[in-house]
Amino acid sequence: MNVNRLTIVGTRTRSQRLALVGAVLLGALLLCAISAPWLAPFDPTERVTRPFAAPSAEHWLGADDVGHDLLSMLIHGARISLFVGIVAAVIATAVGTIVGVVAGYARGVVDTVLMRIVDVVLALPVLPLTIVIGVFAGPGLRTQIMVISAVLWAGLARELRAQVLTLRERDHIQAERAMGAGPGYVLWRHIAPSVVPLVVPQFVLTIKTAVLLEASLAFLGLGDISAASWGSMLSMAHARSAFLTDAWIWWVIPPGVAIAVTVLAFALLGNAIEERSHPILLPAKRSRKKAATAPAPVDPDVDAGAPLVIDDLTVVYGQDGRGATGVGFTVGAGELVALVGESGSGKSTVAAATMGLLPPAAQIVSGAVRVDGRDVAGMSPAELRGLRGNRIALIPQEALSALDPVYTIGSQIDEAVLAHRSCTRAQARERTLELLADVGLEADRVDAYPHQLSGGMRQRVVIAMALANEPDVLVADEPTSGLDVLREAEVLALLDELRVRRSLALLIVTHNLPVVERIADRIAVMKDGELVEIGTAEQVVGSPTHPYTRKLVESAPRLRPSLQEVFS
Amino acid sequence: MVILRRAGQYALVLWAAVTLNFALPHLAPGDPVGYLYVGELQGLGEKYLAELRAGYGLDRPILEQYLSFWSGLLRGDLGMSVQYNRPVLDVLGEKLSWTVALVGISMVLAFVIGTLLGAWAAWRRGTAKETGTVVGVLVVDSMPAFWVGMILIAVFSVTLGWFPSYGAATITATGGQWLAEVASRMVLPVATLTIASIGGFFLMTRASMIGVLDEPFIRLARAKGLGEFRVAIRHALRNAVLPVYTTLTLTVGVLLSGAVVVESVFAYPGLGKLTYDAVTARDYPLLQGAFLLATVGIVAANLLADLTYPLLDPRVRRDRTAAEGRTEVAV
C-alpha cells in the first residue's frame with residue numbers, strides 16, 4: 001500500500017513537469033497556426049523560387065518540386081492539421097460523452113443496444129474503415145473530420161459509460177433517486193460535475209489520435225488538395241520522389257517532426273490531466289498522528305537468544321511519516337505472540353520489517369530485527385533471500401490473492417522448496433505432498449489451481465508453503481481474515497498445533513483480539529506506531545493497563561465459541 | 001455462455017461491415033452505378049444509364065438488392081475490380097499472403113519488445129532511466145508510421161544502400177536466392193511497422209504490470225525467498241500479459257491500419273498497397289473488398305485469441321475440477 005502511494009507521488013510531479021512541456025509546445029503550435037498568414041514569409045501556394053531549391057537565407061527550408069516555399073507550407077500546414085484534429089475531437093467527444101452518459105445512466109435495453117454499437121465500431125479496422133467511407137464521400141476537410149470523428153467516439157463512450165455506472169450507484173445519488181429526483185436533475189446536479197473532469201483528458205487524447213489519423217488519411221490522398229496539411233506535404237514528397245536528391249532532408253523531416261511534436265504534446269498533457277482526474281491515481285493523504293509521549297512499555301520477558309527479537313525498532317516512511325517507534329519484543333521457540341492493533345497502528349510495518357519486506361520508501365532508522373541472532377536490516381539482498389522462506393516464513397492474509405492464480409498450488413509449493421534446497425523436481429514434489437498431508441490436505445489437490453479450492457483449503461496451502469523449509473519463525477498476517485468462524489477456528493487450531501509440534505516461534509498479527517486471546521501465550525498491543533502494552537494473554541485481557549487496550553478488550557464481542565467447544 | 005456471446009459479437013461486426021459496404025454507394029453523393037465505372041460515364045445518355053442500373057439490379061427495391069448483395073457475398077462474389085477488370089476476391093487473394101507475413105512478423109516482434117520493455121519500466125518505476133524510456137516510447141509513438149518508413153528509406157536505402165526500398169521479391173530469383181531477396185526486402189517494412197506498434201504494447205504492459213506488482217502474490221513470492229528476476233518474469237510479467245493478450249482487437253486493428261500506410265511507402269505488394277492504389281484509381285469495389293477482408297482478419301485474430309486464452313489463464317478453463325471447485329468455495 002505504502003509503496004504504491006509514495007511512488008505515485010514521485011510519478012505525479014514527473015508527469016506534471018512533462019505536462020508543462022506539453023502545454024508550452026502546444027501554446028507555440030497554436031500561436032503558429034493562428035498567426036500563420038503573418039508568420040509565413042511567402043504564400044504557400046505561389047511558386048516563389050526554382051524547384052527543389054536548397055535551404056537558403058531567403059527560403060530557410062528550401063522549396064518543393066514546383067518551387068513552393070517549404071517553410072511557409074509548414075506554417076500553414078499547422079492550421080489544417082490542428083483544425084481537423086481539434087474539430088474532429090470536439091465532435092467525437094460530444095457524441096461519445098452523450099452516448100456514454102445515456103447508456104450508463106439508462107442501463108437496460110438502451111445500454112445494451114448502444115454498447116453493442118460501440119463494440120462493433122471498436123472492432124472495425126480504423127484506417128480501412130475511414131478510407132472506404134472517405135473515398136465514397138470524396139476527399140476534403142469535411143470528409144476527414146467526419147470519418148475521424150466517426151471512428152473515435154466509440155472508445156470515449158465506453159470509457160465514460162463505465163464511470164457513469166459506478167457514479168450512479170454511489171449512496172448519495174441512489175438516495176436522491178429514491179427520494180424521487182428526476183434523471184435530468186441527477187444528471188445535471190451530480191453526474192455532470194463528475195463526468196467533466198473525466199471528459200477533459202479524453203478530449204485531449206482524442207485530439208492526439210485525430211491529428212495522427214488526419215496525417216495518415218492525407219498521406220493516402222484523402223486530404224484537401226487546396227489546403228495542404230503536414231500529412232499532405234509528406235504525401236506529395238513521397239509521390240514526387242523527394243528521395244532522388246537531398247531534398248528529403250528539408251522536405252520530409254520537418255513535417256514529420258511537426259506531427260510528432262504535436263501528437264507528443266497532446267499525449268503528455270492528456271496523460272497528466274488523466275492522472276489528476278483519476279482519484280485512484282492520486283496519492284492518498286497519510287494520516288500523521290502525533291506520537292504519544294508516554295514511554296513505551298518494555299517487554300518484561302526479553303530473551304536475547306529467542307528466534308525472533310525485535311529490538312527498539314523505529315521505522316520511518318518517507319520524510320516524516322512514522323511507521324513504528326521504539327517497538328521491542330521477542331518471540332521464543334514454541335511461543336505464540338499475538339500482535340494486536342487497528343489498521344494504521346504500525347503492526348503490519350513491524351511484520352514487514354521482520355521479513356525484510358519493507359517498501360523502499362520505508363527505512364529502519366534505529367533498532368534491529370534479529371532472526372536466529374542475525375540482524376535482518378544489515379543483510380545483503382542475497383542473504384535476505386536465503387533467509388526468507390527458509391528460516392523465517394510468512395503466512396499472508398487472503399490466500400486467494402496471495403497465491404499466483406496461474407500456477408497450480410503444487411508448483412507454487414515446489415517453488416518454495418526449490419528456492420532453498422538443491423534437489424530435483426521430483427524430490428521437491430515429494431516434499432510438497434508431505435507438506436500437504438501435514439496441513440490436512442489430500443494429495444490429489446496438488447494439481448488444483450488456487451481458484452478451485454475453498455478459502456479454508458487455500459489458507460492451509462499457504463501454511464504448507466510457509467513450512468516448506470522448516471523455518472524457525474513464522475509470521476502470520478491476519479491468517480484468518482475472510483474465513484467463517486468455523487474455518488477460522490480450524491486454521492488457528494492448526495497453527496497452534498504446528499507451533500507446539502515443531503516448536504516454532506509464531507507471531508500472529510491481527511486486528512481481532514478475540515481471535516487470538518485463547519491461544520496466544522503473550523499479547524502485544526500497538527497503537528499509532530507504538531507498543532502500548534505487552535504481557536501474557538491473561539494479563540492483557542484480564543487486567544489491561546493501557547486505556548486503549550481496555551477499550552479493545554471491552555469492545556470485543558465475546559460470543560464466539562471457544563476452540564474446545566468447537567472440537568468437543 | 002461467454003463463447004456464445006463472443007460469437008454473437010463477431011457475427012454482429014461482420015454484419016455491420018457488410019451492411020456498410022452495401023450502404024455506402026447508396027448513401028454517397030452521385031449515381032451508385034457511377035461507383036462501378038469510374039469516370040467512364042461522362043457523356044452517356046440517361047437512357048443508357050438506366051439500362052446500366054437495370055443491368056446491376058439497381059432499380060429493384062432496396063431490400064431485394066440487399067438480399068442479393070448478401071447471396072453474392074456468400075458465393076464469394078465481391079464484385080469486379082474496376083482497375084484490374086477481375087473479380088475482387090481473386091485480386092485480394094493474391095496479395096493476402098504478403099500482408100499476413102508482414103503483419104504477423106511485426107506483431108510478434110512488437111509484442112515481445114513492447115511487453116518486455118513495458119515490464120521493465122513498471123519494475124523500475126520512478127527511476128530516471130524509466131522516465132527516459134517512457135518519454136522515448138511516447139516520442140516514437142507520436143511519429144506517423146509512414147514518416148518513420150520514409151526516414152528509414154532515406155537513411156538505410158538511399159544513403160547507406162543496405163536494403164532495397166520497394167517491393168517484396170524479384171520475379172527472376174529462385175530458391176535460396178529468392179528467400180534472401182524476400183528477407184532483405186522485408187527488413188525495412190517490418191522494422192517500420194514494429195516501431196509504429198511497440199508503443200501500444202509497452203503502455204498496456206506497463207500499466208498492467210504496475211497493478212500486478214501491488215498484488216499480494218508478488219509479496220508472497222518475495223517472502224518465499226525467490227530471486228527478483230524470477231519474481232519479475234515468472235510471477236509479475238506472466239500475470240501482467242493476460243490483459244494485453246485479451247485486448248488483441250485494438251492491436252490487430254492498429255497493425256492493419258499501419259500496414260496500409262507502410263506498404264504504400266515501401267510499395268510492398270500486399271493489401272495495404274492495393275488499398276492505396278485503389279484510392280488513387282477510385283476502385284470502389286476493390287476498396288470495399290479490402291475493408292471487408294481487414295474486418296474478417298480482425299475477427300479471425302480475436303477468435304484465435306479467445307480460443308487460446310484458456311491456455312494462458314487457468315481460471316477460465318472449463319474443466320471438471322473447476323466445476324467441482326466452484327461448489328466447494330466456502331463463505
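**Notebook: salt bridges, interface and cores**

I began with A:Arg429, which is partly exposed, with a relative accessible area of 23%. I apply the exposure classes as follows: buried is under 20% relative accessible area, exposed is over 50%, and partly exposed lies in between (1.4 Å probe, protein chains only). The model is predicted, so local features need pLDDT of at least 70 and side-chain atom pairs count only at pLDDT 80 or more, while totals for chains, interfaces and linings use all residues. Residues are numbered from 1 along each chain as its sequence is written, chains are lettered from A and ligands numbered from 1 in the order in which they are written, and side-chain values use heavy atoms, with hydrogens and water left out.

**Entry 1. Salt bridges within chain A**

I took a salt bridge to be a side-chain nitrogen of Lys or Arg within 4 Å of a carboxyl oxygen of Asp or Glu. I looked up the partner of A:Arg429 and found A:Asp447, with the closest N and O atoms 3.7 Å apart. A:Arg429 belongs to helix α16 (residues 425-438) of chain A and A:Asp447 to the loop between α16 and α17, so the pair ties together parts 18 residues apart in sequence. A:Asp447 is exposed, at 51% relative accessible area.

Helices (H or I, at least four residues) and strands (E, at least two) are DSSP runs, numbered from the N terminus.

I next examined A:Asp311 and A:Arg370, whose side chains form a salt bridge (3.1 Å, N to O). This pair links distant parts of the chain, 59 residues apart: A:Asp311 sits in strand β1 (residues 308-317) and A:Arg370 in strand β4 (residues 362-371) of chain A. A:Asp311 is partly exposed at 34% relative accessibility, and A:Arg370 is partly exposed at 26%.

I then noted A:Arg487 and A:Glu490, joined by a salt bridge (3.4 Å, N to O). Both lie in helix α18 of chain A, three residues apart, about one turn of the helix. Elsewhere, salt bridges with shared partners join A:Glu415, B:Lys224, B:Arg230 and B:Arg234 into one network.

**Entry 2. The interface of chains A and B**

I asked which residue of chain B meets A:Glu415 in a salt bridge of 3.0 Å. The partner is B:Arg234.

I recorded 80 residues of chain A in contact with 81 residues of chain B, contact meaning heavy atoms within 4.5 Å. The two chains bury about 7,100 Å² between them, 68% of it on carbon and sulfur atoms. On the side of chain A, A:Arg14, A:Phe136 and A:Glu415 lose the most area to chain B, together 11% of what that side buries. Buried area is the accessible area (1.4 Å probe) that two parts lose on being put together, summed over both.

**Entry 3. Nonpolar cores**

I defined a nonpolar core as a set of buried Ala, Val, Leu, Ile, Met, Phe, Trp, Tyr and Cys residues joined through side-chain atoms within 4.5 Å. The largest has 127 residues, and those with the most contacts inside it are A:Ile131, A:Ile148, B:Phe146 and B:Met150. Helix α3 (residues 70-106) of chain A supplies the largest share, 14 residues. Another core, of 91 residues, lies apart from it and includes A:Ile463 and A:Ile508.

I listed the contacts of B:Met150 beyond four places in sequence; among them are A:Phe219, A:Leu234, A:His238 and B:Val265. A:Phe219 also touches A:Ser235, which lies in helix α9 (residues 230-239) of chain A and is buried at 13% relative accessibility.

**Entry 4. Helix α8 of chain B**

I found that the buried residues of α8 (residues 216-223) in chain B are B:Phe217, B:Ile218, B:Leu220, B:Ala221 and B:Ala223. These residues pack against elements of both chains, including α17 (455-467) of chain A and α9 (228-246) of chain B. Just after this helix, B:Gly225 takes a positive phi of about 95 degrees.

Most residues other than glycine have a negative phi. I noted A:Glu398, not a glycine, with a positive phi of about 50 degrees; A:Glu398 stands in the loop between β6 and α14 of chain A. I also noted A:Ser503, likewise not a glycine, with a positive phi of about 40 degrees. A:Ser503 is in the loop between α18 (485-501) and β8 (505-510) of chain A and is partly exposed at 42%.
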